[in-house]
Amino acid sequence: SRYGKIGTDTITLARQGDQTIVTVALRIQVKILLVTAHRENADRREVWRDGRLVNYTSETVENGKSFKVTARAEGPNLVIIGPEGAASAPSSAFTTNPWNVAILKARTVMDSKTGQVKPVIAVEPQGQETVTAGGAPVKATKYLFRTDTRRFLWYDASGRLVKFQVFNDGSTVTFTLK
């Protein structure tokens, strides 16, 4: 971001039996000349079983506007309730949270904030790069991941997300592993 450090996106993974629980705490505040120009806070919880999203809850507050999304696996579908009403996605859908390298094989994603279902337009390897993550240089493979939004995703050799960039509304936000 051209505004320097503007916040955190804390992603926590935990195993519970045959499930992986992913929690996200997003805290962003952009100040321009001491005035808050943008604020976004989100708390999200994803429950995965056998590589499938089986339960999702999210509340995002962006500049005072609230977005609540829930989703659950039902047969061959992911049934989503979001600010725009009900929607359905294939059971293979991922959230736009790129914590899992398997997202690179996704054909459909559910927007983590709005619940909107979006096709994956392209996933293009961009080559190897060394990025600073966790305070050390890490060799990672960079991918362009396109839906209606462009993202660059960097994964290390073990498939761990070490960096990602989101391009949205003319701005770029970069998240790096700490």
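Trp48, Phe94 and Trp99 are linked by ring pairs into a cluster. Here, rings of Phe, Tyr and Trp (its six-membered ring) pair if their centres lie within 6.5 Å; planes under 30 degrees apart count as stacked, over 60 as edge-to-face and the rest as tilted. Bear in mind that this is a predicted model, where local features need pLDDT of at least 70 and side-chain atom pairs count only at pLDDT 80 or more, while totals for chains, interfaces and linings use all residues. Residues are numbered from 1 along each chain as its sequence is written, and side-chain values use heavy atoms, with hydrogens and water left out.

**Aromatic pairs around Phe152**

- By the ring-pair rule, the count comes to five aromatic pairs.
- One of them joins Phe152 and Trp154 in a tilted arrangement, with 6.3 Å centre to centre and 50° between the planes.
- Phe152 and Phe167 make an edge-to-face pair, at 5.6 Å centre to centre and 80° between the planes.
- Phe152 sits in strand E13 (residues 150-156) and Phe167 in strand E14 (residues 161-168), so this pair ties together parts that are 15 residues apart in sequence.
- Strands (E, at least two residues) are DSSP runs, numbered from the N terminus.
- Phe152 has a relative accessible area of 12%, so it's buried; buried means under 20% relative accessible area, exposed over 50% and partly exposed in between (1.4 Å probe, protein chains only).
- Trp154 is buried too.

**Charges over rings**

- The charged end of Lys142 is over the ring of Phe152, 4.2 Å from its centre.
- Phe67 has the charged end of Lys113 over its ring, 5.4 Å from the centre.
- The rule for both: NZ of Lys or CZ of Arg is within 6 Å of the ring centre and within 35 degrees of the ring normal.

**The five-stranded sheet**

- This open sheet runs E11-E12-E13-E14-E15, with antiparallel pairing; two strands pair if DSSP finds at least two bridges between them.
- Its edge strands, each pairing on one side only, are E11 (122-133) and E15 (171-176).
- Strand E12 (residues 136-146) is joined to E13 by seven bridges, and the two run antiparallel.
- Ala140 stands opposite Asp156 in E13.

**The seven-stranded sheet**

- The other open sheet has the order E1-E2-E3-E4-E5-E6-E7, again with antiparallel pairing.
- Strands E1 (7-16) and E7 (85-90) are the edges, each pairing on one side only.
- Five bridges pair strand E5 (residues 65-74) with strand E6 (residues 77-82) in the antiparallel sense.
- Glu74 stands opposite Asn77 in E6.

Technical notes
Helix = DSSP H or I, 4+ residues; strand = E, 2+ residues; numbered from the N terminus.
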